[in-house]
Structure formats: structure tokens, C-alpha cells
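Have the model open as you read.

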Amino acid sequence: VQLQASGGGLVQAGGSLRLSCAASGRTFSSYVMGWFRQAPGKEREFVATINRTGGYASWADSVKGRFTISRDNAENTVYLQMNSLKPEDTAVYYCAAGRVISTRQEGYDHWGQGTQVTVSS
């Protein structure tokens with residue numbers, strides 16, 4: 001599966017953005033989907049993950065209550081709704097597809113190219 005992330009941009013603190021990740025192919029619904037992010041000078045970190053049907057999701061503590069992950073299997077797309085953004089959310093955001101629910105990068109086999117999110121204070 002090939003993944004294409006979009007929706008990043010520059011936003012003021014407290015604002016919102018919605019990231020999208022479009023997948024190619026007919027097997028999107030067979031994949032667990034995840035979002036990760038990497039800030040300058042830091043390691044890539046887990047943000048959120050969602051199971052194949054969208055019935056289960058998990059978030060990093062740092063974004064819980066502010067970010068929501070969802071998916072539309074008919075549209076082969078996973079979303080990350082980000083509200084109440086903070087400067088520390090500034091990072092390149094990556095979507096990923098895997099076979100099992102995981103908060104680890106190693107759990108995902110396919111990665112998108114990343115989209116930049118910049119939150120100004």
C-alpha cells in the first residue's frame with residue numbers, strides 16, 4: 001500500500017488542523033493505521049493508532065483529549081483531527097500502515113512521506 005499524507009501547515013497555538021492520509025490499493029481496510037511525528041532534533045514518536053474497522057483507537061498521553069484519529073475505509077483515508085494545538089506539537093507528521101495495533105514504529109510496514117505541522121506561539 002502507498003500512503004500520501006496532507007493537510008499540514010502553519011497555525012497559531014490553540015488552533016486546529018486536520019491531517020489526511022490517502023492510501024492506494026484495495027487492501028486499506030486490512031491495515032491498522034497509525035500516526036507518528038518527528039520534531040527537529042528528536043526521535044520519531046507515536047501519536048495515535050486505529051484498528052481496521054475504526055472501532056478501537058489509542059493515543060499518546062501528550063495528545064489525548066486534543067487529537068482524534070478516524071478512518072473512512074470507503075475512501076481509503078485515515079484522518080488526524082488536531083485541536084488545541086501547542087507549539088510543542090510542531091513536527092513532521094507521518095502516517096503508517098501495519099498489521100497489528102502498535103505504538104512502536106517497528107509495528108508498521110508502510111509509511112507516507114510526512115507533512116509539516118508548525119504551531120506558532
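Let's start with phenylalanine 67, which counts as buried because its relative accessibility is 2%, under the 20% cut-off. Keep in mind that this is a predicted model.

**Phenylalanine 67 and its surroundings**
- You'll find phenylalanine 67 in strand β7, which covers residues 67-72.
- Across in β8, phenylalanine 67 has methionine 82 as its bridge partner.
- Skipping neighbours within four places in sequence, the contacts of phenylalanine 67 include Leu80, Gln81, Met82, Asn83 and Leu85. Arg37, Val47, Trp59, Asp89 and Tyr93 are also in contact with phenylalanine 67.
- Take valine 47 from that list: it sits 20 residues from phenylalanine 67 along the chain, and the two C-alpha atoms are 8.7 Å apart.

**The sheet**
- Strand β7 belongs to an open, four-stranded sheet with antiparallel pairing, in the order β1-β3-β8-β7.
- The edges are β1 (3-6) and β7, each of which pairs on one side only.
- On average, neighbouring strands in this sheet are turned by 15° against each other, ignoring direction.
- Six bridges link β7 to β8 (residues 77-82), and the two strands pair in the antiparallel sense.
- As a general point, strands of a sheet pair through backbone hydrogen bonds, either parallel or antiparallel.

**Threonine 77, also in β8**
- Threonine 77 lies in strand β8.
- Is threonine 77 buried or exposed? Threonine 77 counts as buried, because its relative accessibility is 9%, again under 20%.
- A polar atom of the threonine 77 side chain lies 2.8 Å from the backbone oxygen of glutamate 75.
- Leaving out neighbours within four places in sequence, threonine 77 is in contact with Ser70, Arg71 and Asp72, among others. Ser20, Cys21, Ala22 and Phe28 are on its contact list too.

**The nonpolar core**
- Which residues touch the most other members of the largest nonpolar core? Out of 34 residues, they are Met33, Trp35, Leu80, Met82 and Tyr93.
- Strands that each supply at least two residues of this core include β1, β3 (17-23), β4 (32-38) and β5 (45-50). The others named are β7, β8, β9 (91-98) and β11 (115-120).
- With five residues, β9 provides the largest share of this core.

Definitions and conventions. Residues numbered from 1 in each chain as written. Predicted model: local features only at pLDDT ≥ 70, side-chain atom pairs only at ≥ 80, totals over all residues. Heavy atoms only, no water. Buried < 20%, exposed > 50% of the residue type's maximum accessible area, 1.4 Å probe, protein only. Contact = heavy atoms within 4.5 Å. Pairing = 2+ DSSP bridges. Axes fitted to C-alpha atoms, helices over the stretch in contact; angles between N-to-C directions. Core = buried A, V, L, I, M, F, W, Y, C linked by side-chain atoms within 4.5 Å. Polar contact = N/O pair within 3.5 Å; in protein donor to acceptor, adjacent residues only side chain to side chain.
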